[in-house]
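Dear colleague,

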Amino acid sequence: MDFDTLYKEHYQRIYRFAFRMAGSAEEAKDIVQETFVKLHGALGSGSEIRQPRTWLYTVAANICRNSLKRQAHYRDVVIKEVQPQLIQESVEADLIRRERIELMKKAIASLPERDRTLLMLYQDRLPYAEMADVIGVKAGSVGTLLSRAIEKLATASKNGIEL
Amino acid sequence: MSCLDREVILKYLDRELPNAEEQAVREHLDVCSKCQEMLEEVTGDIADLRSAISELEPESIPVPVFDPSPLKSASTTGVSSRSTRSRLTPTYWIRLVASLAAAAAVVIVTLPWFEYENDQTNSTSPEEIAFEQGYLHVNPNTAFHNRQLVITIIDTEKNLSEQVVTSTEQPNSTPNRPSFDQSEQNSSM
């Protein structure tokens, strides 16, 4: 598949992933740009990329990791830039759920980088084997890691605990 | 079949179990209320998780035209450090040394001029004098934009002794395409 096709097909997906990881549109655009520059270079040098989607997620995740290591303010950025959504429920139930969601968002931001990356990939409904390739673990470990991370987040949000 | 744990339920919901195991889980759930409750709990947790992450979603943006040049923004610090490494080529060092040599020449030729200026009540730069006298062959603004060095030496009588203009540096029109760093990735995908 040629570069232009891959770029058009995957740009939005990788941008959304980068945004969720970085918490800022500017940062996300830079991450996506660097990701596709690497793809452009790799294809230009004749490298064979069998699974472009996995390749792009992997490169973007690595760039995010290297970039976010230097950003102690990530948590604040995430909380500040999120867009609240309207939830059509009763007022009381909505408030309770909103509080839980907010706690969960804070808890997500506090997770170790690998777990956070895994959850962002899970949101994109990648198969476990593909997620394993991206974060560099065995396919059999993804279920365990996901289950633990989700349980940890759920416990924190239900009990009002900050991780 | 014994009762299910959260991991198995998660895999069941995500259709990540082998067919035989999926069937066994389904049959167990039909008869075990405890595991049914856990299934509902895990389902709710996943829904909350997806809601929370969906609120981290950006607004949709149009796909920009691809620019193959490396990132210029400094917003990703890690990117900047990689870009710096990629510039450390022999050509880069030659140009750096040449630039430093040129800068040193400016310092040397302008030192006498500082002494001259200190004696003046209304000091004027060598370039201004040269420009006024019609000696300056290059418009200072043009030279600035072309990244040219103009070295002007004027004696105490305000006569132009020497003027050197470096050659024009043309912007590099060929984009620098960084090669893929194999050490960062598993290229066997």
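A nonpolar core is a set of buried Ala, Val, Leu, Ile, Met, Phe, Trp, Tyr and Cys residues joined through side-chain atoms within 4.5 Å, where buried means under 20% relative accessible area, with a 1.4 Å probe and protein chains only. This is a predicted model, in which local features need pLDDT of at least 70 and side-chain atom pairs count only at pLDDT 80 or more, whereas totals for chains, interfaces and linings use all residues. Residues are numbered from 1 along each chain as its sequence is written, chains are lettered from A and ligands numbered from 1 in the order in which they are written, and side-chain values use heavy atoms, with hydrogens and water left out.

The largest nonpolar core has 70 residues, and those with the most contacts inside it include A:Leu119 and B:Leu49. Helix H1 of chain A (residues 3-22) gives the most to this core, with 11 residues; helices here are DSSP runs of H or I with at least four residues, and strands are runs of E with at least two, numbered from the N terminus. Leaving aside neighbours within four places in sequence, A:Leu119 is in contact (heavy atoms within 4.5 Å) with residues including A:Leu146, B:Leu49 and B:Ile53.

A:Ser67 lies in helix H3 of chain A (residues 52-68) and counts as buried because its relative accessibility is 2%. Although A:Ser67 and A:Glu27 are 40 residues apart in sequence, their C-alpha atoms are 9.0 Å apart in space.

Chain B has seven helices and two strands, and buried residues make up 31% of its 189 residues.

With kind regards

Methods. Buried < 20%, exposed > 50% of the residue type's maximum accessible area, 1.4 Å probe, protein only.
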